[in-house]
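Q: I would like a close look at a single part of this model, with the terms spelled out as they come up.

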Amino acid sequence: MKKDQPEDLKALIERLAKKYAIDLDAGSEEIEESEPEKEEVAEEGTTTEDPEKDSEPPIPTDPKGTTVEEEKETMVARIAELSQAPGASGFEDDVIGILRRYCQDLGEIREDSLRNLYVYPKENRGNPVIMLDAHTDEVGFMVQRICPDGTLGFVPLGSWSPVCVPAHPVLVHTPKGYIPGIIASKPPHYMTEAERSALPKLTDLVIDVGAVSREDALTNFGVRIGEPVVPDTPFRYIENQDVLYGKAFDCRIGCAAQVAVLEALKGKSLAMDVVGVFSAQEEIGIRGARVTAKTVKPAVAVLFEGSPGDDTFGNPETAQTALKKGPMLRHIDAGMITNPRFQRFALGIGEELGLPVQQGVRTGGSTNGAGLHLSNQGLPVIVIGLPVRYIHTHCGFAAYQDFEHAVKLGIAIIERLTPEIIAGF
Ligand SMILES: [Zn+2]
């Protein structure tokens with residue numbers, strides 16, 4: 001039941017959000033009766049009224065009774081909601097609220113003052129713990145000053161290249177909510193020859209919210225210094241190409257993957273306990289993760305990350321984090337040499353299951369693994385990276401199939417880990 005016409009994007013998101021709401025509150029019977037199903041195109045060139053629709057063979061279902069298609073719609077709706085949520089480092093509240101809702105039936109939920117969120121599944125029995133991790137924050141900015149002309153000076157929260165910052169829409173937090181802004185850039189009409197070829201400096205850039213003076217910005221727009229700013233980017237799912245477009249896939253797609261893994265493990269009896277962690281403030285120096293390992297005291301950790309895609313620049317032959325080639329497991333990055341025994345164990349499971357898995361040997365970048373693997377007298381950690389093109393900019397591409405494969409790999413690793421195997425790491 002593939003769609004052949006691109007669906008109106010707003011309608012898609014509304015349909016997915018609606019579908020998800022139904023999913024939460026009711027059983028799959030209601031999903032089948034819901035309106036969106038009637039919009040499905042049964043076959044190429046046919047409409048929903050096509051009587052052949054009813055005679056199609058039944059769609060395979062997972063053990064929960066939902067069809068593969070329904071499962072995917074739920075997952076895409078979650079990725080959409082998580083991507084759209086504003087959550088610059090230190091201001092992850094909206095993301096935490098969404099994750100609390102997704103995880104409410106999975107076990108006990110706790111939170112610390114950094115706003116690290118912990119999910120302790122009901123199935124835990126006091127065994128050694130596998131800690132899962134995905135970070136909730138995204139790269140953003142903070143308002144530093146309000147200029148006489150009403151524009152806002154800002155500082156980065158997380159790592160931005162100044163080349164990627166100007167001329168983008170943003171959302172600026174105020175006490176009344178987020179308001180639209182533009183990272184101002186001088187029109188070429190007013191630029192000197194030297195300005196045209198100069199690299200922008202973050203300290204020279206300002207955010208324009210449409211105010212005409214400092215007083216206007218303060219009084220009428222409600223802006224304040226110290227408030228977070230995030231990219232204002234719509235989410236799109238390009239269904240025919242199975243491509244996700246949006247902001248903050250680093251690491252909201254990892255958050256969605258972790259939720260899917262925790263859900264899949266629900267009701268299962270495992271050799272290890274599992275604790276799901278959604279950590280804060282990764283982008284400004286893995287701050288949340290400094291606390292989480294002390295709280296959870298895990299025996300191993302499995303991380304889900306949005307990892308920078310490298311297949312559209314440089315040499316495509318040597319790309320190690322390409323879209324649609326599966327999750328990427330890094331042997332090394334700037335912050336960690338991955339425990340080689342855990343890494344080979346995970347790669348072996350990917351091979352055994354026939355899952356596409358990429359391997360990375362990175363000289364730059366790091367993840368929460370950088371802090372976690374040095375905690376608790378040393379902790380075996382692997383990072384399941386979901387390829388995302390153009391992370392740490394306003395917008396990126398990811399592929400749903402990579403999400404799916406990352407989830408499958410994560411579940412299989414967790415199901416196979418035992419205290420005896422971990423002792424060999
Ligand atoms: Zn990340």
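Which residues have the most contacts inside the largest nonpolar core, and how many residues does that core have?

A: This is a predicted model, in which local features need pLDDT of at least 70 and side-chain atom pairs count only at pLDDT 80 or more, while totals for chains, interfaces and linings use all residues. Residues are numbered from 1 along each chain as its sequence is written.

The largest nonpolar core has 76 residues, and those with the most contacts inside it are Ile 130, Ile 253 and Ala 257. A nonpolar core here is a set of buried Ala, Val, Leu, Ile, Met, Phe, Trp, Tyr and Cys residues joined through C-beta atoms within 7 Å; a residue is buried if 20 or more other C-beta atoms lie within 10 Å of its own, exposed if 12 or fewer, and partly exposed in between, with C-beta atoms placed from the backbone. The element that gives the most to this core is H8, with 11 residues, where helices (H or I, at least four residues) and strands (E, at least two) are DSSP runs numbered from the N terminus.

Helix H8 covers residues 249-265 and contains Cys 251, which is joined to Asp 250 by a cis peptide bond with an omega of about 15°. Most peptide bonds are trans.

Leaving aside residues up to four places away in sequence, Ala 257 touches Ala 134, Phe 304, Leu 386, Phe 403, Ala 406, Val 407 and Gly 410, a contact being a pair whose C-beta atoms, placed from the backbone, lie within 7 Å. A second, separate core of 21 residues includes Phe 91, Val 143, Ile 207 and Val 223.

Conventions. Two residues are in contact if their C-beta atoms, placed from the backbone, lie within 7 Å.
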